[in-house]
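Subject: Structure handover

Hello,

Here is the structure for you to look at. My notes on what turned up follow below it.

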Amino acid sequence: MGIFTSLLLLQINWAGTVPERYFMTKDVEKFAKLNGVKKVVVPRQASFDVPVEVKRPGLVLEWEYEVTCYDIGFKVLFEEKGPNGTETEELIPMHKFETEYEPLRGSMICERQGNYIIVFDNTYSWFNSKEVHYRTCLGSPKENPSILP
């Protein structure tokens, strides 16, 4: 054993066995049984929209989701009806996320009245459908101040 290895071993704290409650394992069944969780299977090369109607500005839109396996694209759109028809604006651009160890959670303040659309996007997948468990909530920031950034 060299001097460097000896010094390194002196600085490592060998605390013992990590208790199992700290292990990060995927437990879809646990999340799927929570109150308000819905299940959808998004076919390959398709997407699934979750429309949320916001009747007044300033409300907080929250989401939480988990994919059984693989990853899924996620984005949030805003849809507004105007004189030239319906216009769609991308508020949160599409990103692919894996939820290997825990559900993904997020929130945003809805600055305008209208339809917000949460999109689970699987259009990039040629072979695999994705099973998604999700829930959404729309509420006032005063009801739960901890959800604000």
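**Salt bridges**

Searching the whole structure turns up five salt bridges. A salt bridge here is a side-chain nitrogen of Lys or Arg within 4 Å of a carboxyl oxygen of Asp or Glu. In general, side chains of opposite charge can pair when their charged atoms come close.

Before the details, two points on how to read this. This is a predicted model, so local features need pLDDT of at least 70 and side-chain atom pairs count only at pLDDT 80 or more, while totals for chains, interfaces and linings use all residues. Residues are numbered from 1 along each chain as its sequence is written, and side-chain values use heavy atoms, with hydrogens and water left out.

One of the salt bridges joins Arg 105 to Glu 64, with the closest N and O atoms 2.7 Å apart. Arg 105 is in strand S6 (residues 104-109) and Glu 64 is in strand S3, so this pair ties together parts 41 residues apart in sequence. Strands (E, at least two residues) and helices (H or I, at least four) are DSSP runs, numbered from the N terminus.

Are these two partners buried or exposed? Arg 105 is exposed, at 54% relative accessibility. Glu 64 is buried, at 9%. The cut-offs are under 20% relative accessible area for buried and over 50% for exposed, with partly exposed in between (1.4 Å probe, protein chains only).

Glu 64 also meets Arg 135 in a salt bridge (2.8 Å, N to O). That pair links strand S3 with strand S8, 71 residues apart. Arg 135 is partly exposed, at 26% relative accessibility.

Another bridge pairs Lys 130 with Asp 71, and here the closest N and O atoms are 3.6 Å apart. Lys 130 belongs to strand S8 and Asp 71 to strand S4, so the pair ties together parts 59 residues apart in sequence. Lys 130 and Asp 71 are both buried.

**Overall layout**

The protein has two helices and eight strands. Along the sequence the pattern is α-α-β-β-β-β-β-β-β-β. There are 149 residues, and 30% of them are buried.

Take the contacts (heavy atoms within 4.5 Å). Among those with a separation of 6 or more, 81% are between residues 24 or more positions apart. The accessible surface is about 10,400 Å², and 53% of that belongs to carbon and sulfur atoms. Areas come from the Shrake-Rupley method with a 1.4 Å probe; for residues, only the protein chains shown count as cover.

**Aromatic residues**

How many aromatic pairs does the whole structure hold? The search finds seven. Rings of Phe, Tyr and Trp (its six-membered ring) pair if their centres lie within 6.5 Å; planes under 30 degrees apart count as stacked, over 60 as edge-to-face and the rest as tilted.

Phe 48 and Tyr 134 make a tilted pair, 6.2 Å centre to centre with 55° between the planes. Phe 48 lies in strand S2 (residues 47-54) and Tyr 134 in strand S8 (residues 130-139), so the pair ties together parts 86 residues apart in sequence. Phe 48 is partly exposed, at 27% relative accessible area. Tyr 134 is buried, at 8%.

Tyr 134 also pairs with Phe 120, again tilted: 5.6 Å centre to centre, 50° between the planes. Phe 120 sits in strand S7 (residues 114-121), 14 residues from Tyr 134. Phe 120 is buried, at 2% relative accessibility.

One aromatic cluster takes in Phe 48, Trp 63, Tyr 65, Phe 74, Phe 120 and Tyr 134.

**Nonpolar core**

A nonpolar core is a set of buried Ala, Val, Leu, Ile, Met, Phe, Trp, Tyr and Cys residues joined through side-chain atoms within 4.5 Å. The largest one has 21 residues. Which of them touch the most other members? They are Leu 61, Trp 63, Tyr 65, Ile 118, Phe 120 and Val 132. Strands S1 (38-42), S2, S3 (60-67), S4 (71-82), S7 and S8 each give two or more residues to this core.

Leaving out residues up to four places away in sequence, Tyr 65 has contacts that include Phe 31, Phe 97, Pro 103 and His 133.

Best wishes
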